2 protein chains.
Amino acid sequence: MTEGKGFWHVRKTSKEKVLEAAVELFYAKGYANTSVREIASRATVNVALISYHFNGKQGLLETLMTTFFDGYIGALEKECEKVTNSTNSIRSHLESACRSMLLFQQQFDVLSRFVHREMTLDSILVREIMSSYLTKERHLFRYLLEEAFAQGEMITPVNEYMIIQLRGLLTLPFLHSQYIREVHYMVASESYFLDRYFETVRKWLDAHIGEPSIV
Amino acid sequence: MTEGKGFWHVRKTSKEKVLEAAVELFYAKGYANTSVREIASRATVNVALISYHFNGKQGLLETLMTTFFDGYIGALEKECEKVTNSTNSIRSHLESACRSMLLFQQQFDVLSRFVHREMTLDSILVREIMSSYLTKERHLFRYLLEEAFAQGEMITPVNEYMIIQLRGLLTLPFLHSQYIREVHYMVASESYFLDRYFETVRKWLDAHIGEPSIV
């Protein structure tokens with residue numbers, strides 16, 4: 001969680017300051033209502049620097065989206081790579097993958113909330129991300145679930161509905177962070193919330209794959 | 001599902017035509033990018049009629065949001081009212097409530113997708129709906145789950161995480177309809193999808209409340 005590989009270092013470069021200012025403004029005001037000038041002003045950099053590094057507002061949006069999905073899908077991919085030489089149950093790998101994906105989103109909280117909301121819109125960028133990153137996510141989840149079925153940990157064969165629901169559960173605390181705050185008076189990005197929320201994800205895994213003690 | 005009590009009658013009034021045009025344009029182009037003039041043109045009514053009936057664009061948005069939540073929360077409320085004089089298990093009432101809420105959203109597909117997306121934004125209207133409708137939804141789910149616990153159908157006491165997750169599952173097919181289409185090549189609002197999706201909701205209920213055969 002504190003690997004510091006993202007753009008939120010303690011000592012920030014201008015590029016990092018721009019990305020941080022962009023995501024905060026995009027999330028609070030919406031992408032359409034935010035100008036490059038405002039981003040530059042908040043990041044205390046020159047407007048020209050944003051053109052130079054990101055080729056304007058659309059480039060900034062693309063960088064934010066791909067940065068998020070590189071990390072988010074990367075967490076799942078990393079866990080999938082461990083499966084081949086592992087003596088652990090597939091269930092335990094799935095659980096680790098879910099935990100990593102929640103922790104990654106917790107680390108980049110505002111970015112996660114912004115990206116998930118943006119993904120509910122219809123645009124060329126959103127479609128591109130769906131046909132690349134989210135299609136990859138689907139394959140990786142399918143791989144893990146099919147392994148669980150092949151190794152007898154899961155009784156029912158994999159179906160798409162399981163994958164749709166699992167990814168829905170993993171993004172829910174961030175996509176619905178405002179609902180969680182306003183209606184349930186809890187902060188979705190805080191560890192006390194995510195720890196207990198993760199228990200309900202584990203219950204979901206129990207229902208579909210079987211409890212860890214059985215396997 | 002075909003009670004025809006909404007604003008999608010076969011024979012539409014001008015008011016209904018305006019609401020239908022508004023939700024389609026708001027969903028496709030976004031609320032900010034849609035003008036009253038476009039809505040009037042699509043609905044083949046006079047602009048003045050929109051001012052008269054809805055007091056402009058913001059009024060239209062409010063009418064759409066409250067129309068949706070009246071029906072959506074209404075479906076849950078109707079089921080809760082049956083509990084007192086019922087000999088059926090709470091589990092069966094919960095299942096009926098979930099089914100009704102999915103069917104209501106299916107019936108008003110575009111409206112549902114638009115409303116759920118709108119609810120991820122931060123505005124005064126969204127906050128008002130959260131503190132009224134969604135707070136009521138939370139209480140009604142809590143009531144059903146607490147009854148299930150009181151009557152011994154559910155072993156673990158109710159927690160907020162269960163409610164957050166359950167409502168997430170019920171809105172997911174509509175909020176993520178584009179993801180479901182682009183990545184899984186399925187149409188979330190079609191019955192073949194919802195029927196099978198509902199099975200995964202039942203599995204969730206199995207995991208939390210216990211299977212219907214046990215109770």
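This is a predicted model: local features need pLDDT of at least 70, side-chain atom pairs count only at pLDDT 80 or more; totals for chains, interfaces and linings use all residues.
Me: Why is A:Glu160 called buried?

Reply: The relative accessible area of A:Glu160 is 11%, and because buried means under 20%, the residue falls in that class. A:Glu160 is found in helix α8 of chain A, residues 160-175, and, leaving aside neighbours within four places in sequence, A:Glu160 is in contact with A:Arg138, A:Arg142, B:His184 and B:Met186.

Me: What makes the pairing of A:Glu160 and A:Arg138 a polar contact?

Reply: The side chains of A:Glu160 and A:Arg138 are joined at 3.0 Å, and since a polar contact needs a pair of N or O atoms within 3.5 Å, this pair meets the distance limit.

Me: Why is the link between B:Arg127 and A:Glu182 called a salt bridge?

Reply: The closest N and O atoms of B:Arg127 and A:Glu182 are 3.5 Å apart, and a salt bridge requires a side-chain nitrogen of Lys or Arg within 4 Å of a carboxyl oxygen of Asp or Glu, so the pair qualifies. Between chain B and chain A the count is two salt bridges, while eleven residue pairs are in polar contact, both residues being at pLDDT 80 or more. On the side of chain B that touches chain A, the elements giving two or more residues are α7 (124-150), α8 (160-175), α9 (177-184) and α10 (191-209) of chain B, and the largest share, eleven residues, comes from α8(B). By class, that side of chain B has 23 nonpolar, eleven polar and eleven charged residues.

Me: How do you know how much area chain B and chain A bury between them?

Reply: The size of an interface is often given as the accessible area lost when the parts come together. For chain B and chain A this comes to about 4,300 Å², with 63% of it on carbon and sulfur atoms. Of the area that chain B buries against chain A, B:Tyr161, B:Ile164 and B:Tyr179 supply 18%, more than any other three residues. In terms of contacts, 45 residues of chain B meet 44 residues of chain A.

Me: Why is A:Leu121 called partly exposed?

Reply: A:Leu121 has a relative accessibility of 32%, and because partly exposed covers what lies between the 20% limit for buried and the 50% limit for exposed, that is the class it receives. A:Leu121 lies in the loop between α6 (109-118) and α7 (124-150) of chain A, where, not counting residues up to four places away in sequence, A:Leu121 touches A:Val126, B:Arg117 and B:Gln178.

Me: Why is B:Tyr185 called exposed?

Reply: The relative accessible area of B:Tyr185 is 60%, and exposed means over 50%, so B:Tyr185 belongs to that class. B:Tyr185 lies in the loop between α9 and α10 of chain B, and although B:Tyr185 is not a glycine, its phi is positive, about 55°.

Note on methods
Residues are numbered from 1 along each chain as its sequence is written. Chains are lettered from A and ligands numbered from 1 in the order in which they are written. Side-chain values use heavy atoms; hydrogens and water are left out. Helices (H or I, at least four residues) and strands (E, at least two) are DSSP runs, numbered from the N terminus. Buried means under 20% relative accessible area, exposed over 50%, partly exposed in between (1.4 Å probe, protein chains only). A polar contact is a pair of N or O atoms within 3.5 Å; within protein, one must be able to donate a hydrogen and the other to accept it, and residues adjacent in sequence count only if both atoms are side-chain atoms. Contact means heavy atoms within 4.5 Å. Buried area is the accessible area (1.4 Å probe) that two parts lose on being put together, summed over both. Ala, Val, Leu, Ile, Met, Phe, Trp, Tyr, Cys and Pro count as nonpolar, Asp, Glu, Lys and Arg as charged, and the others, Gly among them, as polar.
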